[in-house]
Amino acid sequence: MKKTLPALALALLLTALPADARDYFNQMGVTDTGGSKGQVQRSDSGEVIWFDSVRTTLTYLRLPETANQPLAAWVSTHDSPAHWLAVKDAWLVQTPQAPQL
């Protein structure tokens with residue numbers, strides 16, 4: 001089970017999306033693609049890891065090597081990449097009409 005940080009601590013750790021952010025998995029520019037984004041901050045090192053989609057963010061959170069690390073994770077809303085929600089507070093819905101990545 002992942003260790004989570006209190007909501008206030010999550011808000012203080014949240015980092016703005018830099019223009020040169022690269023996706024953890026494919027090294028593409030996070031701002032080069034549309035849609036929701038994700039970020040994970042490791043509590044031990046403070047390192048911020050960026051993702052170009054909610055799907056890749058959730059994939060990272062479920063990897064065996066990250067299963068027991070203390071992490072703080074957020075996803076942006078589709079309408080506004082500047083509006084971040086804690087993953088645990090977000091409603092994630094995939095519909096048949098959604099593009100399959």
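Colleague: Where is T15 found?
Modeller: T15 sits in the loop between α1 and β1. Keep in mind that this is a predicted model.

Colleague: Why is T15 called partly exposed?
Modeller: Its relative accessible area is 28%. Buried needs under 20%, and exposed needs over 50%. The value for T15 falls in between, so T15 is partly exposed.

Colleague: Which residues does T15 contact, beyond its neighbours within four places in sequence?
Modeller: T15 is in contact with Q39, V48 and W50. What counts is heavy atoms within 4.5 Å. As for V40, its C-alpha atom is 9.5 Å from that of T15, and 25 residues separate the two along the chain.

Colleague: What is the overall layout of the chain?
Modeller: Along the sequence, the pattern is α-β-β-α-β-β. That gives 2 helices and 4 strands. The chain has 101 residues, and 37% of them are buried. Its accessible surface is about 6,400 Å², with 59% belonging to carbon and sulfur atoms.

Colleague: What share of the chain's contacts join residues at least 24 apart?
Modeller: The share is 52%, taken among contacts between residues at least 6 apart in sequence.

Colleague: What makes β1 and β2 a pair?
Modeller: The test is at least two bridges between the strands. β1 and β2 (residues 48-51) have 4, so they pair. They run antiparallel. In this pairing, G38 stands opposite F51, and V40 has I49 as its bridge partner.

Colleague: What lies between β1 and β2?
Modeller: The two strands form a hairpin with 5 residues between them. G46 is in the turn, and its phi is positive, about 80°.

Colleague: How do you know that β1 pairs with β3 as well?
Modeller: Apply that test again: at least two bridges. β1 and β3 (residues 71-76) share 5 bridges, so they pair too, in the antiparallel sense. Here the bridge partner of V40 is A73.

Colleague: How many residues of β1 are buried?
Modeller: The count is 5 of 5, and β1 is mostly covered. G38, V40 and R42 point one way, while Q39 and Q41 point the other way. In a regular strand, side chains alternate between the two faces of the sheet.

Colleague: Why is the contact of D44 with R42 called a salt bridge?
Modeller: A side-chain nitrogen of Lys or Arg must be within 4 Å of a carboxyl oxygen of Asp or Glu. For D44 and R42 the N to O distance is 2.9 Å, so the pair qualifies. D44 is exposed, because its relative accessibility of 53% is over 50%.

Colleague: What about K88 and D89?
Modeller: Their N to O distance is 3.3 Å. This is within 4 Å, so K88 and D89 also form a salt bridge. K88 counts as exposed at 55%. D89 is partly exposed at 47%. The structure holds 2 salt bridges.

Colleague: Where is D23?
Modeller: D23 is in the loop between α1 (7-13) and β1 (38-42).

Colleague: Is D23 buried or exposed?
Modeller: D23 is buried.

Colleague: How do you know that D23 has no salt bridge?
Modeller: K37 is the nearest side chain of opposite charge, and it is 8.6 Å away. A salt bridge requires 4 Å or less, so D23 has none. Side chains of opposite charge can pair when their charged atoms come close.

Colleague: Which backbone nitrogens lie 2.9 Å and 3.0 Å from a polar atom of the D23 side chain?
Modeller: The nitrogen of F25 lies at 2.9 Å. The nitrogen of N26 lies at 3.0 Å. A polar contact needs a pair within 3.5 Å, and both distances meet that cut-off.

Colleague: What else does D23 touch, leaving out residues up to four places away in sequence?
Modeller: D23 touches M28, V30, W50, F51, D52 and T56. W50 is also in contact with T15, and F51 stands opposite G38.

Technical notes
Residues are numbered from 1 along each chain as its sequence is written. This is a predicted model: local features need pLDDT of at least 70, side-chain atom pairs count only at pLDDT 80 or more; totals for chains, interfaces and linings use all residues. Side-chain values use heavy atoms; hydrogens and water are left out. Buried means under 20% relative accessible area, exposed over 50%, partly exposed in between (1.4 Å probe, protein chains only). Lys and Arg count as positive and Asp and Glu as negative; His and the chain ends are not counted. A polar contact is a pair of N or O atoms within 3.5 Å; within protein, one must be able to donate a hydrogen and the other to accept it, and residues adjacent in sequence count only if both atoms are side-chain atoms. Accessible areas come from the Shrake-Rupley method with a 1.4 Å probe; for residues, only the protein chains shown count as cover.
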